[in-house]
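Work through the exercises below with the coordinates open. Try each task before reading its solution.

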There are 2 protein chains.
Amino acid sequence: MPKLVDHDRRRSDIAAAARRVLRRDGIERLSVRNVAHEAGLSPGALRHYFPRHDDLVRFALRQFLDDLQARIAALDFPTDDLEAATLLVEQVLPLDKQRREDMEVWLGYTERARFDPVLHDMSLESQDALALLARSALARLDEGGALRDGLDLDIETDRLHALIDGLALHAYVHPERISGDQLRRVIRHHLGELVGD
Amino acid sequence: MPKLVDHDRRRSDIAAAARRVLRRDGIERLSVRNVAHEAGLSPGALRHYFPRHDDLVRFALRQFLDDLQARIAALDFPTDDLEAATLLVEQVLPLDKQRREDMEVWLGYTERARFDPVLHDMSLESQDALALLARSALARLDEGGALRDGLDLDIETDRLHALIDGLALHAYVHPERISGDQLRRVIRHHLGELVGD
DNA sequence: TCCAATCTAGCACAGCCGTGTCAAGATAAC
DNA sequence: GTTATCTTGACACGGCTGTGCTAGATTGGA
């Protein structure tokens, strides 16, 4: 009897609008009104799908994390171990528009995550996922026997993980200062050193 | 004739209060009223020293950067090159309360820096300073002849710089996840590899 | 003691914000 | 066409924001 609306689709669209606002205007402008306007809805209509502001913020971040994870899971890896590890790491570096946007969204949440318990947990989760990505890149090299002998995988994971986030941070804050080529060079150099050249 | 107030001192105190608010409550709570309350002043009184909100934010960041730079300039380096380079790098890692607070302040500004032209420039400046720090740590090793042959100093600078910021970022977002010892281990390992051990 | 320069507190204003409520509108089965 | 149900827009409320302004408090020198 009622008007039928695809709720999931609607919520997805709104989350996408939220991401756009976050990227364009920063976390401080990520308000119900701004997102509603970006999504072409009235604040009241948006409230129907996300009763509280936090719900919106968290849903948008949740969807973002899931999207990223799905994209990585769908990757098609080359047979060469070093190339495969490089490809894996490059998925989480801002090398193109899509991934730069990802970083902008992700790091935009970072500041608020320190003061929002729920966001903090999600941030933990994603940090774990990234650490796991770093570790599996190294494991890929290790299993192939490419990795140098005598390396401490724990330290190397921390190091690679920090290197990834550091590069991402630089590209986030000052994209004009660091090119995709530079990012690639550093990562390839780093992985190359682990392999022992 | 008038009541005499040490303006510089007052501005310094207010900036310190601003840093406390930023660390404790995040950039979103860094308002004129909150800082005034933290400094034990009325908003009107604060406005006498910082007519505009931006003035306050920028002055606080400016002072923070100057303080950090002064602290590094005042360092007393050991003679051993590797130790000296390590010490230098450790100055910008959140290894103790003081430096953790520095990181919290600094990264707290990062998000806003993307949308505030003045903060953006100051952020650029500090990024340059950090890159310079990374480079001079490497240079210290290089001059002492400790550095491995055949290294590209540009790439190594980018790499060390990113590693530093990545570690700092991790310690910032999830301090409970990474200990000072871990940070130290990674940095020492990294520098050790450059030396060739 | 009194003056005058300086500092301070407080209010007012307009503009955002999140949130609650509610009446009106749209839709599809009957 | 009627009606029940879902959807939407709009308003109000209180709170926080930056900012402008003003009346009063404070204090050193005459």
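Helices are DSSP runs of H or I with at least four residues, and strands are runs of E with at least two, numbered from the N terminus. The expected span of a helix is 1.5 Å times one less than its number of residues. The model is predicted: local features need pLDDT of at least 70, side-chain atom pairs count only at pLDDT 80 or more, and totals for chains, interfaces and linings use all residues. Residues are numbered from 1 along each chain as written, with chains lettered from A and ligands numbered from 1 in the order written.

**Exercise 1.** Compare the reach of α8 in chain B with its expected span.

*Solution.* Take residues 153–173 of chain B, 21 in number. From first C-alpha to last, α8(B) reaches 30 Å. That is close to the expected 30 Å. Next, count burial (buried: 20 or more other C-beta atoms, placed from the backbone, within 10 Å of its own). Of the 21 residues, 18 are buried, so α8(B) is largely enclosed by the rest of the structure.

**Exercise 2.** Describe the side of chain A that touches chain B.

*Solution.* Count contacts (C-beta atoms, placed from the backbone, within 7 Å). 30 residues of chain A contact 31 of chain B. Helices α6, α7, α8 and α9 of chain A each supply at least two residues. The largest share, twelve residues, comes from α8(A).

Key:
Buried ≥ 20, exposed ≤ 12 C-beta atoms within 10 Å, placed from the backbone. Contact = placed C-beta atoms within 7 Å.
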